[in-house]
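Dear colleague,

I am passing on the model we talked about, and below it you will find notes on what came out of it. Please look at the structure first and then read the notes beside it.

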Amino acid sequence: MRAACRAARVAFCARVRGPYRRSRRTRGALSPVARARCARPVPRMAEGTGLKEHGARARIDVSDGLVADAGHLAAASGVGFAIEPDRVPVHPAAEVVEEALVSGEEYELLVALPAGEGAALADAFRGQFDLALTLVGTAEREPGVRVLRAGKPLRLPPAFAHFGA
């Protein structure tokens with residue numbers, strides 16, 4: 001995976017958008033569809049394979065939060081990612097977008113695509129799976145994950161820690 005992402009140099013990462021993304025704080029009750037997605041997530045196996053067949057350089061399921069899993073993908077690939085939070089699809093009930101970026105259990109996909117091929121791949125993906133592929137950021141040479149709003153680093157709330165760390 002490391003060589004493939006480096007070869008792309010400037011790929012972008014995108015997220016398969018389903019009908020649900022949670023935040024720790026929400027406005028009102030979640031819809032039955034949103035509750036069902038949380039209680040019984042559907043793995044995006046066919047979609048992940050389809051993305052690979054359409055040229056995705058690397059992919060990961062987002063279960064530990066978008067920022068944390070982008071960090072895993074970046075570390076394994078030898079690149080960094082800059083995420084634009086206002087591009088990330090968030091459930092309308094979420095009150096705080098920043099919390100949605102670090103929450104977990106989305107069970108969606110984050111992929112790195114070859115530079116310049118995102119629009120064509122997104123169209124093919126939508127045609128095959130009837131799901132949107134949303135540009136949420138870019139791959140960079142500098143390691144790590146940066147979350148930027150209007151070019152400035154965004155301060156995020158603490159992410160969920162599995163082992164209390």
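Strand 4 is accordingly listed as mostly covered, with 6 of its 6 residues buried.

Before going further, please keep in mind that this is a predicted model, in which local features need pLDDT of at least 70 and side-chain atom pairs count only at pLDDT 80 or more, whereas totals for chains, interfaces and linings use all residues. Residues are numbered from 1 along each chain as its sequence is written, and side-chain values use heavy atoms, with hydrogens and water left out. Helices (H or I, at least four residues) and strands (E, at least two) are DSSP runs, numbered from the N terminus.

Strand 2 and strand 4 run antiparallel and are joined by 5 bridges, where two strands are said to pair if DSSP finds at least two bridges between them. Within this pairing, Arg-59 has Val-111 of strand 4 as its bridge partner. Strand 5 (residues 132-140) is mostly covered, with 7 of its 9 residues buried.

**Asp-61**

Asp-61 belongs to strand 2 (residues 58-62) and is partly exposed, because its relative accessible area is 38%. If neighbours within four places in sequence are set aside, Asp-61 is in contact (heavy atoms within 4.5 Å) with Asp-69, Glu-108 and Leu-109. The side chain of Asp-61 also makes a polar contact of 3.3 Å with the side chain of Ser-63; a polar contact is a pair of N or O atoms within 3.5 Å, of which, within protein, one must be able to donate a hydrogen and the other to accept it, and residues adjacent in sequence count only if both atoms are side-chain atoms.

**Salt bridges**

A salt bridge is taken to be a side-chain nitrogen of Lys or Arg within 4 Å of a carboxyl oxygen of Asp or Glu, and by this rule the count comes to 6. One of them joins the side chains of Glu-108 and Arg-44 at 3.0 Å, N to O. This pair links distant parts of the chain, 64 residues apart, with Glu-108 in strand 4 (residues 108-113) and Arg-44 in the loop between helix 2 (32-39) and helix 3. Glu-108 counts as buried because its relative accessibility is 0%, and Arg-44 counts as buried at 12%.

Another salt bridge, between the side chains of Asp-86 and Arg-149, spans 2.9 Å, N to O. Here too distant parts of the chain are linked, with Asp-86 in the loop between strand 3 and helix 5 (97-102) and Arg-149 in strand 6 (residues 144-149), 63 residues apart. Asp-86 is exposed, with a relative accessible area of 58%, whereas Arg-149 is partly exposed at 27%.

The side chains of Arg-146 and Glu-140 meet in a salt bridge of 2.6 Å, N to O, in which Arg-146 is partly exposed at 33% and Glu-140 is buried at 18%. Salt bridges that share partners also join Arg-44, Glu-47 and Glu-108 into one network. Glu-47 sits in helix 3 (residues 45-53) and is buried at 13% relative accessibility; apart from neighbours within four places in sequence, its contacts are Leu-109, Phe-125, Phe-129 and Leu-131.

**The largest pocket**The largest pocket holds about 190 Å³ of space. On a 1 Å grid over the protein atoms alone, a pocket is an open set of points where a 1.4 Å probe fits, with protein on both sides within 12 Å along at least five of seven lines, and lining residues have an atom within 4 Å of a point. Its lining includes Arg-44, Arg-59, Asp-61, Tyr-107 and Glu-108. Helix 3 gives the most to this lining, with 3 residues.

With best wishes

Note on methods. Buried means under 20% relative accessible area, exposed over 50%, partly exposed in between (1.4 Å probe, protein chains only). Grid points are joined across faces, edges and corners, and a volume is the space filled by probe spheres set on the points.
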